[in-house]
Amino acid sequence: MSVECCWDVAGMFGMMAMAVWFVLLVSFLCEFGDGAGLSDPMLLITNGELYTPLSRGRGSVLTGGGAIVAILGEGYPVENLTGLPVRVVDAGGGFVVPGLIDIHVHVTGGGGEMGPASRTPEGTVGEIVDAGITTVVGVLGTDCVSRSLENLRVKVAALQHQGITAHMWSGCYRVPSPTLTGSLIRDLQLIDEVVGAGEIAMSDHRSSWPTTQELLGLVTDARVGGMLSGKAGVVHFHTGSADSLLQPLWDVVNASKGTIPLKHMIPTHVSGRGPALLKAAEEWVSKGGRVDFTSDQEGETASHDALMDWGKRMGNAALQGVSLSSDAFGSLPVFDSKGELVEYNVASPKANLNTIRRLVLDGKWALEDALQLSTTNPASHLSFKSKGKLEAGADADIVILSPETLQVQYVIARGKVLKSPSVTSEGVGDCCRCSDEGLLSKKAPILKTPSCID
């Protein structure tokens with residue numbers, strides 16, 4: 001009996017310690033917010049079905065200082081927060097999920113394959129947020145003359161200033177590829193936003209057809225630069241439909257005598273360029289590699305069909321090696337068998353959620369299985385340790401989806417509401433400021449949904 005008593009006392013003190021920690025944290029956010037850049041109200045997201053992305057049932061999420069403070073179970077007495085600067089967002093029974101991560105976005109625009117007039121416009125933060133995306137990795141492409149890394153770096157900084165998280169790949173289709181500081185290792189060490197090199201073209205008629213030694217040097221620089229900077233150190237490969245497929249990557253592995261881990265090379269566009277490339281991607285994943293599927297634009301089905309097949313035949317272990325990206329704001333050129341350009345479109349960032357939505361609503365996938373493609377998987381592949389999940393300490397990147405249609409209702413990025421059902425932020429100075437309505441107060445502890453962007 002004395003042992004049981006000791007355990008009870010220990011448990012009681014553990015709960016007391018957690019309560020004291022919670023009170024101290026909230027007090028800090030309230031009292032010292034202005035001096036620490038945390039002056040915005042905390043958010044309490046209530047009345048939602050939580051997906052972390054694993055299904056956690058009904059609950060609430062409390063955020064403050066740009067991070068998730070706590071995940072609260074159903075029935076938590078929100079009256080405990082009365083009097084604190086906590087604004088309530090009523091999820092209305094919707095699905096509360098992590099903000100989506102898109103690792104391949106032409107934020108400065110792309111295209112140009114039909115001449116200067118075919119250059120596509122750069123993306124806006126409103127378009128990205130409307131798609132439920134809270135983290136992007138910007139990329140160049142075919143054109144690294146009129147589109148520069150300097151331009152990309154400034155655009156990434158602008159997007160961060162406008163409220164979302166933005167990173168960038170250093171380089172473009174060609175090898176040797178441009179860098180910002182003179183070398184990829186220096187870019188990785190000295191520029192926070194750089195996560196690796198990309199998109200480097202291979203097996204494509206627009207590629208510079210680099211040698212194995214050139215690619216080995218590039219991947220080695222990415223690996224070493226990642227080690228020195230604490231980043232993933234990845235080379236992101238644009239993959240075409242030439243017969244060489246993923247063989248250039250295997251040549252790198254063989255040339256290194258197997259010392260270069262496959263995780264440092266992520267080929268993209270592998271889902272929509274025929275069964276041979278898809279089979280090569282399957283082999284790459286089966287050996288421990290990661291691949292990136294380009295999500296389906298309107299009228300397309302390639303990624304949906306491939307994911308349905310992989311899920312059925314290989315299970316979730318294989319799917320953990322797959323990320324989903326939109327190629328947003330880049331051109332979607334269609335070439336005939338002679339290499340002639342016959343069609344030209346622009347990719348939408350909404351393709352990621354559209355593909356997830358179809359997997360769930362039509363393919364009958366569990367939402368948590370589909371969400372991993374744009375949350376935990378890319379976060380793991382690129383070592384974004386505070387992204388892609390709902391848990392205490394993670395970044396407060398949260399999306400609320402309608403339960404029937406999985407349409408975006410709210411987008412919260414780094415603790416700020418950038419989209420509500422009626423308003424989407426388009427950048428600095430374009431959105432209203434909420435009044436005290438919706439705050440928990442001692443006089444009127446009534447929970448109300450904010451009706452404007454905070």
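A crossover is called right-handed if, with the strands pointing away from the viewer, the path from the first strand over the helix to the second runs clockwise. Helices (H or I, at least four residues) and strands (E, at least two) are DSSP runs numbered from the N terminus. The model is predicted, so that local features need pLDDT of at least 70 and side-chain atom pairs count only at pLDDT 80 or more, while totals for chains, interfaces and linings use all residues. Residues are numbered from 1 along each chain as its sequence is written, and side-chain values use heavy atoms, with hydrogens and water left out.

**View 1. Strand E10 and its two crossovers.** Strand E9 (residues 194-202), helix H6 (residues 212-229) and E10 (residues 234-239) form a right-handed β-α-β unit, and E10, helix H7 (residues 247-255) and strand E11 (residues 265-268) form a right-handed β-α-β unit as well.

View 2. E10 pairs in the parallel sense with E9 over six bridges and with E11 over four bridges, where pairing requires at least two DSSP bridges between the strands. Gly198 stands opposite His236, and Phe237 stands opposite Pro267. Val234, His236 and His238 on one side and Val235, Phe237 and Thr239 on the other are all buried (under 20% relative accessible area, 1.4 Å probe, protein chains only).

**View 3. The buried face of helix H9.** Ser303, His304, Ala306, Leu307 and Trp310 are the buried residues of H9. Seen down the axis of H9, these buried residues fall within an arc of 165°, so they line one face of the helix; the arc is that of the directions from the helix axis to the C-beta atoms.

Notes. Buried means under 20% relative accessible area, exposed over 50%, partly exposed in between (1.4 Å probe, protein chains only).
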